[in-house]
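Take a moment with the sequence and the fold below. The text that follows walks through them step by step.

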Amino acid sequence: MKFALLGFQESTAAKVLQNVRLSLDEVSRVGIDGDGQAVTLVAPTGAGKTVMAAAVLEALLDGDAVHASDDTLTVVWLSD
């Protein structure tokens, strides 16, 4: 990533990433007949939501120290 996240951004992105991975595990366990999953990132204006979301997506797509990359992942990013 070309940006260095601030401390609160790193911890928030890590929490979002953990929740996304838990959701992915739930979907793979239950299958398409489950209730579906959604993860939201809500923060005040100027907190760096776009940068935090990009860090989460980068970790999901490119992998990190613990998880491998996922070339089959599809992401829907909705923004106001």
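We start with the whole chain, then take the helices, the core, the loop and the pocket.

This is a predicted model, where local features need pLDDT of at least 70, side-chain atom pairs count only at pLDDT 80 or more, and totals for chains, interfaces and linings use all residues. Residues are numbered from 1 along each chain as its sequence is written, and side-chain values use heavy atoms, with hydrogens and water left out.

The protein chain holds two helices and zero strands. Both kinds of element are DSSP runs, numbered from the N terminus: helices are H or I with at least four residues, strands are E with at least two. Along its principal axes, the C-alpha trace spans about 40 × 30 × 20 Å. Of the 80 residues in the protein chain, 21% are buried. Buried means under 20% relative accessible area, exposed means over 50%, and partly exposed lies in between, with a 1.4 Å probe and protein chains only. Now consider contacts, meaning heavy atoms within 4.5 Å. Among contacts in the protein chain with a separation of 6 or more, 54% join residues 24 or more positions apart.

Turn to α1. Its 24 residues should span 34 Å at 1.5 Å a residue, and its end C-alpha atoms are 35 Å apart, which agrees. The expected span is 1.5 Å times one less than the number of residues in the helix. The buried residues of α1 are Q9, A13, V16, L17, V20, R21 and S23. They pack against α2. After α1 comes G31, with a positive phi near 90 degrees.

Q9 sits in helix α1. Its relative accessibility is 8%, so Q9 counts as buried. Leaving aside neighbours within four places in sequence, Q9 is in contact with A47, G48 and M52. S23 is also found in helix α1. S23 counts as buried because its relative accessibility is 11%. Not counting residues up to four places away in sequence, S23 touches Q37 and V39. A14 belongs to helix α1 too. Is A14 buried or partly exposed? At 45% relative accessibility, A14 counts as partly exposed. A14 and A55 are 41 residues apart along the chain, and their C-alpha atoms are separated by 9.0 Å.

Next comes α2. Its 14 residues should span 20 Å at 1.5 Å a residue, and its end C-alpha atoms are 19 Å apart, which agrees. The buried residues of α2 are M52, A53, A55, V56, L57, A59 and L60. What covers them includes α1. G63 follows α2, and its phi is positive, near 85 degrees.

Which residues make up the largest nonpolar core? There are 11 residues in all: L5, A13, V16, L17, V20, M52, A55, V56, L57, A59 and L60. α1 and α2 each supply at least two residues of this core. α2 gives the most, with six residues. A nonpolar core is a set of buried Ala, Val, Leu, Ile, Met, Phe, Trp, Tyr and Cys residues joined through side-chain atoms within 4.5 Å. Look at L17 for an example of the packing. Not counting residues up to four places away in sequence, L17 touches V56, A59, L60 and D64.

Now find the loop between α1 and α2, where A43 has its place. A43 counts as partly exposed because its relative accessibility is 24%. A43 touches K49 and M52, not counting residues up to four places away in sequence. A43 and T12 are 31 residues apart in sequence and 9.7 Å apart in space, C-alpha to C-alpha.

The largest pocket has a volume of about 1,100 Å³. On a 1 Å grid over the protein atoms alone, a pocket is an open set of points where a 1.4 Å probe fits, with protein on both sides within 12 Å along at least five of seven lines; lining residues have an atom within 4 Å of a point. Grid points are joined across faces, edges and corners, and the volume is the space filled by probe spheres set on the points. The largest pocket is lined by 32 residues, of which V20, A38, V39, V75 and V76 lie nearest its centre. The elements that give two or more residues to this lining are α1 (7-30) and α2 (49-62). α1 gives the most, with seven residues.
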